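Hello,

Here is the structure I promised to pass on to you. Have a look at it first, and then read my notes below.

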Amino acid sequence: MQSRLRVQGHPIQPMLVTFPLGLFVSATVFDLTDVVGGPAFLGEVGYWTGVAALVAAALTAMAGMVDLWDAPGDRTRRTAVAFNLVNAAMAGMFLLTCLVRSQSPDRGASAAILVTELVALAIGGVGVHLGARLMRQFDGGRAETGGLEALAGSTGEIRRPWASR
């Protein structure tokens with residue numbers, strides 16, 4: 001199965017999924033710092049980081065739906081559906097925390113919000129596992145070398161790109 005949305009032969013959604021996940025982790029770190037007694041502005045930074053993560057998650061979900069459109073009705077489709085549902089659950093929990101915090105004038109974090117975010121990140125960890133499985137299923141037939149082997153020619157020599165000038 002090949003993804004419709006690709007950049008130089010690589011599917012876009014796995015590239016995009018790192019943005020909301022990283023922003024969700026960053027928002028949780030800011031909120032943790034706010035809850036344990038850090039400067040008050042870090043709670044608001046955590047809130048706006050969560051909002052940015054939700055925007056990135058929406059864009060990633062759209063790319064995932066395009067990929068899901070062409071998924072065959074086998075194990076790959078089930079994994080893709082599970083991956084997208086798990087990521088939607090994580091984003092939904094962060095959306096809930098952002099909606100609760102939007103009512104507060106300082107948008108600071110509380111212990112309950114922090115616990116909710118930590119549970120959402122644990123759910124996101126399941127999504128990371130499913131995403132890795134999905135990538136193996138997407139490109140299971142492709143054998144790629146990594147590291148220095150990718151630079152080696154058919155003779156096994158490492159070729160320097162600037163040496164061919």
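The chain has five helices and two strands; helices (H or I, at least four residues) and strands (E, at least two) are DSSP runs, numbered from the N terminus. Along the sequence they come in the order β-β-α-α-α-α-α. Please keep in mind that this is a predicted model, in which local features need pLDDT of at least 70 and side-chain atom pairs count only at pLDDT 80 or more, while totals for chains, interfaces and linings use all residues. Residues are numbered from 1 along each chain as its sequence is written, and side-chain values use heavy atoms, with hydrogens and water left out.

Now to the inside. Of the 165 residues in the chain, 32% are buried (buried is under 20% relative accessible area, exposed over 50%, partly exposed in between, with a 1.4 Å probe and protein chains only). The largest nonpolar core has 11 residues: Phe24, Tyr47, Ala53, Leu54, Ala57, Met90, Ala91, Phe94, Cys98, Ala120 and Leu121. H3, helix H4 (75-102) and helix H5 (111-138) each supply at least two residues of this core. A core here is a set of buried Ala, Val, Leu, Ile, Met, Phe, Trp, Tyr and Cys residues joined through side-chain atoms within 4.5 Å. Phe24 is in contact (heavy atoms within 4.5 Å) with Gly50, Ala53, Leu54, Ala57, Met90, Ala91, Phe94 and Leu121, leaving aside neighbours within four places in sequence.

A polar atom of the Thr60 side chain lies 2.9 Å from the backbone oxygen of Ala56. Not counting residues up to four places away in sequence, Thr60 touches Gln13, Leu16, Val17 and Pro20. Ile12, in the loop between strand S2 (10-11) and helix H1 (13-16), is 48 residues from Thr60 in sequence, with 8.7 Å from C-alpha to C-alpha. Ile12 is partly exposed, at 21% relative accessibility.

And what about the outside? Val36, in the loop between helix H2 (18-35) and helix H3 (41-69), is exposed, with a relative accessible area of 63%.

Which residues would you like to discuss when we next talk?

Best wishes

Methods
Polar contact = N/O pair within 3.5 Å; in protein donor to acceptor, adjacent residues only side chain to side chain.
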